[in-house]
Amino acid sequence: MSRSVNSPGRGQSQGPRFAVVGNPLNRRVAFFREAVLAAGLPEARVVPWLDVLHGRARFLPGESVRLDSPGEEPEVERLLRGVGDPTRVEGSALWYTNFLTAVRAVAAEVACAGGELLGSPDELAQVFDKRLCHAVLDEAGVAVPASPTSGASVAPVRGWDHLRELMRDHRMPRVFVKLAHGSSASGVLAVETAGPGRVQATTSVERDEEGRLFNSLRVRRYTTEREVAALVDALAPDGLHVERWLPKASQRGRSADLRVVVVAGRATHAVVRTSRSPMTNLHLGGARGDLGRVREAVSSAGGSWSEALALCERAAACFPRSPCVGVDLLPATGWRRFAVGEVNAFGDLLPGLTGLPGSGAEGQDTYAAQVAAVVRALADAPTSNHDASDERARNDRATAAP
């Protein structure tokens, strides 16, 4: 018999009762549930994204509800993106609209049930639009690559001719072109120009004879303007974000950047990602680098590792109702200066990685650190929601008494 979601099992302490909105067979959900049990808490209840999208999701009073990634589930992807093949690139704008609709429905259901949503629909709307996210960071004084598409009021990129115009007007011969609502490097092009007709793009996108775009695990180069223009024109209807391509520092001859996880406002975990291509994503052939060597390189260059982490914390502080974000930290050549490339709502999937020294998450993976942060927040609260409700009820009875 499984343990009740309303009471702790043997050996378990009183504490928050978690529900996680996710895909039940996804490893993200499994890692989080393991972290909850390891903390001695009642087993986290899983609310499938399919139930959310079909209007069947239900939540319980007092639950702390975590939103996890809806990815890696073909039927969920089809409902969100309107495309049956999960390797297709198209559909990110529709995904964004449908995802936010679903998140807001969850928020309403959780509030109605008397639970707590761990996250903010409004902040997710910003994080999942790279143009809005860039503007939020820039306005807060967080160092970011220059961008001609930052903010809600900028005209959308219409296609290749418009992109060439932006690159020329802003003196950006090398840019990253990203789907505004993309993730995991989907639709990302690293574009370089050197005069009329001299263009190349590095990307994991492949285009078939019918003009459809697919994500591939192989990074390739398109070396003619006709090929690059066709890619940009096909991507543009879903919305594009353009950033100056900053030269990155390297480690052992490979381009390097970092994913830094910030939990409850504190940088707790960091991994170095290295690659021979401009995209350092691990699923595209990137490899984990040596964090110790990074810290040594930063110190030798006269930089500050603590200031680099503080930059990530300032980026996370722009989204104060998001309990955990993954910050992509871009080291400039020489390892002395840093900029923030992106903020990721679901950037915590770093299996086996434990917390940074002095972070308060030593010995914990990213999921354990998040569970501990929720437990601390509830312990530090002067009264729980339940206690506050009881107090209001007592006051109402006292006021109504003759």
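Gly326 has Asn344 in strand 15 as its bridge partner. This is a predicted model, where local features need pLDDT of at least 70, side-chain atom pairs count only at pLDDT 80 or more, and totals for chains, interfaces and linings use all residues. Residues are numbered from 1 along each chain as its sequence is written, and side-chain values use heavy atoms, with hydrogens and water left out.

**Strand 14 and its partners**
- Strands here are DSSP runs (E, at least two residues), numbered from the N terminus, and two of them pair if DSSP finds at least two bridges between them.
- Strand 14 runs antiparallel to strand 15 (residues 338-344), and six bridges join them.
- The hairpin these two make has six residues between the strands, and Gly334 there takes a positive phi near 100°.
- Strand 11 (residues 254-263) also pairs with strand 14, in the antiparallel sense over six bridges, with Val262 opposite Val325.

**How buried is strand 14?**
- Eight of the eight residues in strand 14 (residues 324-331) are buried, so the rest of the structure largely encloses it; buried means under 20% relative accessible area, exposed over 50%, and partly exposed in between (1.4 Å probe, protein chains only).
- Cys324, Gly326, Asp328 and Leu330 point one way, Val325, Val327, Leu329 and Pro331 point the other way, and all are buried.

**Cysteines**
- With a disulfide taken as a pair of cysteine sulfur atoms within 2.5 Å, the count is zero.
- Cys133 is in no disulfide: its nearest cysteine sulfur, from Cys318, sits 8.1 Å away.
- Cys133 is buried at a relative accessible area of 5%, while Cys112 is exposed at 70%.

Key:
Helix = DSSP H or I, 4+ residues; strand = E, 2+ residues; numbered from the N terminus.
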